[in-house]
Amino acid sequence: MRAHLRFCVAALATTALAGGLAACSTSGTPGSSASGGGSGSAAGPTLTVDLSSYPASLDPGLQYDTESYSVYRNIFDQLLHRDPATEQVVPWLATSWKQQNATTWTFTIRKGVKFSDGEPLTAADAAFSIERILDPKFASQQQANFSAIASAAGSGNTLTITTKFPSPTLLSYLTTLSVVPEAYVKKVGNAAFNLHPVGSGPYEFVSSTPGSEVTVKRNPQYWGPKPQIASVDCRAVTDIATRAADLQSGQAQLADSMTPDNVAQLKSASLQALSTPTERVSYLAFNTIHGGPTDNAKVRQAISEAINYSALDDDLEKGYASPVNSVLTPLNIGYPKSLPNYKYDPAQAKQMIKQAGAAGQTVIMATSPTYSATIVQAIQADIQAVGLNVKIQSTDQATYLQKVQSPSHNWGSIRFGQWSCSCLDADGVAYPLFHTGTIWSSYSNPAFDQLVEKARETLAPATRDSLYAQAYGILAKDVPGIGLFQIDAIYGASTKLQWKPDAQQDFFVADMKLSS
Amino acid sequence: MTVSTAGPVPWRRSGGARAWLPITRYLGARAGQAVIALLGVTTAVFFALRLSGDPAQLLAPQNATQQQIDQIRQQLGLSVPVWRQYLNYLGDLLHGNLGYSYVQHEPALTLLTQRLPYTVNLTLAALALTIVLGVGAGMIMALTRGGWGERLLMPLVLAGQAMPAFWTGILLILVFSVTFHVLPSSGDNTATSLIMPAVTLASLSAATVARVTRGAVLEQLSRDYIRTARSKGAGTWRLIWRHLLRNVSVPVLTVLALETANLLGGSVVTEMIFAWPGVGQLTIQSVNDRDFPVVQAIVILAATIYIVINLITDIIYGFIDPRIAVTSTEAG
């Protein structure tokens, strides 16, 4: 027994010794490169932001995912902005604009704007920013957004844009255009520019730890009002529970991509949840070509009456969602105001399923883990309650896209999705989702096609509104899709942060204030 | 390789210089096997990835047309037949070119080497914890069998083995960051950032190592040589260092090698929870984006590490117990 005890003490001592060694090897953190900069310019608070992923690119010509936007749109200036209150397009780098004829626009570029390397920003830089996105060799993911543009040219402070056809959405998309310095990009090359972006925006790039963190600080040469926040650490924190914990422990003051479920947790920890309705719409789309039971418009109509919309908004989304009357949000131009909201009438839906002879048939519902599983399951239960059998097929996003975008239209009967065109216009929703032959559409109606084609090339707002009213009238009858609700963006924030997010999810730190 | 050692290892090293010749021949054969394994893994991953989805569809904006998607596919080099892509890929690989990330617009190798130090750091820290806690707890449990030590440690070991990393991690964050504010909840900004990820990652492996160590020590304690050593008046330290450690090290080393591989794999979940900017995070991101060049680069790296760890383990076996190396070369 004594011997055993002595053994034990020895083992403990061994442990302690090795523990000391381990402490040596764990204390250093090599590999952590430059971060925590931003002490360069004048005093002011530092904001730490948790983003749900690392920005895919810092070059604003390449990617346009939410996280990239959130970072690089603070480093660069956009050609135009939207007034957050009215959603109207307002001047930014372009102080005024004029339409010369149906396809030619001229923009006057603000004078005295400088990039943070000291070079002046000219109309030629703006033209270059457009042309490089259109250049197939550059392989920009935003090319489709600007594909209406035939050419862009700058001379002095005048930017001239020529479109291939009269484009009513041109100004909309130009609010997403960040202007890059032509001379600098050409000097260092695209790859180096992506790693070390130089812009004219309220903040300038300081450093990055790829995959982890981007640090920016106030740009002392900025032409606009001086932002209150001196520097920003944008960190990539993928796990939503960790983002919430970072806010609770005070490691971050702002976190994006929170869910309605987080809100109670945030509020109980004396944090705030900031939210805004967005132009993102949650929807169901039907396969009307090879969908089995859903090839029948009556079945689709029945399903639209089977869904308990207010339960989705109030119970699952906890009020962070608003009802819609079509696959569009009231923020988008062309929203068919005169259409009634969807109604929930399970008794009638059951009757219609019976009349269509579809009772007991199986429909396959395609979705991906990108979308909320509880919403999909609630819809499944609603549809089952009126007499159809629903099988959910959840595959990862890549497989989901491959399936539903297949030209053979054999992906099932119903799919769940979310849509946002970052253009606040019906053209970016109705056309790609339901026009015959687009990658998303498993629906075809020549009358609808004609209307959205015409609206795409019509400039007069009133005419467009009436074209979309007619087009959405057809969709209300044919039901190739159902708008479930308008989605709110939710941010978690410290109560020290003052900020009002807007529908475009503009993440302009210059609009934020942080008290100490 | 089979470990067929009966009885304790004699203390004096047998073989001497002569033992090196079969070892070099043995290493040559192993290197050949490694190249074949790497080629196999590369090929399997290359084709599996191409069956799993289309990166062009993920990269294209929502309002893209089919032509625009085709254009992206062409730019990524995905429009040529798969066998052609494979040959191109192997050709590039021979030139040390691992390709260019579709999403992040940087060479896959650069992305990987940026992230690697973080994962190596995390894995080494977790490995150190695993060795210290695992071997220490295992020995204490064996030496206090049925007593206080075992009763105290066994529940901890079982808990360590039962708790998944995503749960352990969140629990640690809640306790040490949210409640007590003593450790940072995520990222790698301070020296203390490493503590919670390393503990999370090590908990499962340490538990496994503890159980294996306990079993191995118990087996040795009943051997004659221990009784002999004790009866000759060997002190406790001498018994542990000279006799016991050496004899339990072969099974413990085997499980440690396996656990090192597990630690590298387990770091995927841990890195997600703690926003640790290592290879694990990059893996998830690249798989989701179908960023083929990056996924392939990661797989090649992982396979290489596995092979190297196995090789090192086998070499260390030889040092601890020269009979193993000799046995294996004789066998094949």
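This is a predicted model: local features need pLDDT of at least 70, side-chain atom pairs count only at pLDDT 80 or more; totals for chains, interfaces and linings use all residues.
Residues are numbered from 1 along each chain as its sequence is written, while chains are lettered from A and ligands numbered from 1 in the order in which they are written.

Let's start where chains A and B meet. Here 62 residues of chain A are in contact with 69 residues of chain B (in contact: C-beta atoms, placed from the backbone, within 7 Å). On the chain A side, several elements each supply at least two residues, among them helix H1 (2-27), strand E10 (231-236) and helix H14 (427-434). Those labels come from DSSP runs, numbered from the N terminus: helices are H or I with at least four residues, strands are E with at least two. H1(A) gives the largest share of that side, 15 residues.

Now find the open sheet in chain A, with four antiparallel strands in the order E4-E5-E7-E6. Two strands count as paired if DSSP finds at least two bridges between them. At the edges sit E4 (94-101) and E6 (149-155) of chain A, each pairing on one side only. From one strand to the next, the twist averages 20 degrees. Lying across E5, E6 and E7 of chain A is helix H3 (residues 123-134), which runs at about 155 degrees to E6(A). Such angles run from 0 to 180 degrees between N-to-C directions, with axes fitted to C-alpha atoms, for helices over the stretch in contact.

Over in chain B, helices H7 (residues 165-179) and H8 (residues 195-221) pack at about 145 degrees, their axes 9 Å apart. Which residues of H7(B) meet H8(B)? They include Ala165(B), Leu172(B) and Phe176(B), and their partners in H8(B) include Met196(B) and Val199(B).

Finally, look inside. The largest nonpolar core has 208 residues, and Leu79(A), Ala430(A) and Leu129(B) are among those with the most contacts within it. Such a core is a set of buried Ala, Val, Leu, Ile, Met, Phe, Trp, Tyr and Cys residues joined through C-beta atoms within 7 Å, where buried means 20 or more other C-beta atoms within 10 Å of the residue's own. Helix H5 (residues 108-143) of chain B gives the most to this core: 20 residues.

Note on methods
Two residues are in contact if their C-beta atoms, placed from the backbone, lie within 7 Å. A residue is buried if 20 or more other C-beta atoms lie within 10 Å of its own, exposed if 12 or fewer, and partly exposed in between; C-beta atoms are placed from the backbone.
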